[in-house]
Amino acid sequence: MTTERLVEIDALTKRFSLPGPLLGRRRAIVAVDAVTLTIARGETLGVVGESGSGKTTLGHCVLRLTQPDAGRVRFAGVEILALRAEGLRRMRRRMQIVFQDATLSLNPRLGIGAAIQEPLEVHGRARGSSARARAEELLAEVGLDRTLSDHYPHQLSGGQRQRVGIARALSVEPEFLVLDEPISNLDVSVGAQVLNLLADLQARRGLTYLLIAHDLAVVRYLADRVAVMYLGRVAELAPAAAIYQQPLHPYTASLLAAAPVQDPRAARPRIVLSGEPPSAANPPPGCPFHPRCPHPKKSERCRSERPPLREVLSGRWAACHYAEEPIDAGRASHR
């Protein structure tokens, strides 16, 4: 992996308006709230968080599948949000996505081979018999038999459909893939096979990944660095090994404490969060995590002053006033 910054995300913000009165001010949900991140060429950046944390919206905004309201996204130095239709279409060859549900992302009326041929022809990379031959090569590359080319999505298993989605994304030879919860709908054993495939493809093709997941085990397997999101903002950003060894933000600590372990007999302190995540339409003042925070030093400052994302240790960032004193699960408060 190089240190070249392939993807640069700067203060990216996306709001969604809520239905409201015809007259008067409408409320909005801030799904992504001034997020700043970078991804080096060849790196996998994992983005984790609960449902509603904004991680999928972030990935869609980076690719401009969803139009952000503010901020900047640069890919290899090119400002993505400034591109017009033709420039964006050309850029799509270099940036692709693997969706969470391959059943919904594949046209049920198209055969598998035709689904993979489609982007090849749209982007002028191959046509006719050449496109069909290339589609069969891509099927083989993702571990599927070439004879499946004439099958339809409903004739395949979930794992096979996800491999087709990966082959389709790879068809235009991208440099960067957004992996939007790529194994969340798969059985554990099938999901592990897909993860191995993604790791192999990255090594062979030199791909760069933005991996979106709620499963910390998935992120740990693939990611070089991890960004933990809470209510649209980055709560912690650190190398994967460091974040799993000693999280600095109490939210990260609670996610790790809740993750299943391979040995059910292993004793491990648990951090039980009180209450539900706050509404994104009406976030609490101060630190957005403070109503559920189990840190024993939680104070009035947490309730009134929003902590910035700051570098606490070299290469390790956290948005917590007390990040220098990481939470001990055995001493966690439940106020």
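**View 1. Four strands build an open antiparallel sheet.** In this predicted model, the strand order is β2-β1-β4-β5. The edges belong to β2 (28-40) and β5 (78-79). Each edge strand pairs on one side only.

**View 2. Strands β1 and β4 run antiparallel.** Strand β1 covers residues 5-17, and strand β4 covers residues 70-75. Five bridges join them. Within this pairing, V7 faces F75 of β4 from the opposite position.

**View 3. A lysine charge sits over an aromatic ring.** The residues are K14 and F16. The charged end of K14 lies 5.2 Å from the centre of the F16 ring.

**View 4. Y230, Y251 and F289 form one aromatic cluster.** Across the whole structure, the search finds four aromatic pairs. Such a pair of rings is described by how far apart the centres lie and by the angle of the planes.

**View 5. One cavity of 30 Å³ or more turns up in a search of the whole structure.** The largest cavity holds about 90 Å³ of space. Its lining comprises 14 residues. Of these, C287, C293, C302, C320 and H321 are the closest to the cavity centre.

Technical notes:
Residues are numbered from 1 along each chain as its sequence is written. This is a predicted model: local features need pLDDT of at least 70, side-chain atom pairs count only at pLDDT 80 or more; totals for chains, interfaces and linings use all residues. Side-chain values use heavy atoms; hydrogens and water are left out. Two strands pair if DSSP finds at least two bridges between them. Helices (H or I, at least four residues) and strands (E, at least two) are DSSP runs, numbered from the N terminus. Rings of Phe, Tyr and Trp (its six-membered ring) pair if their centres lie within 6.5 Å; planes under 30 degrees apart count as stacked, over 60 as edge-to-face and the rest as tilted. A charge sits over a ring if NZ of Lys or CZ of Arg is within 6 Å of the ring centre and within 35 degrees of the ring normal. On a 1 Å grid over the protein atoms alone, a cavity is a set of points where a 1.4 Å probe fits but cannot get out, and a pocket is an open set with protein on both sides within 12 Å along at least five of seven lines; lining residues have an atom within 4 Å of a point. Grid points are joined across faces, edges and corners, and a volume is the space filled by probe spheres set on the points.
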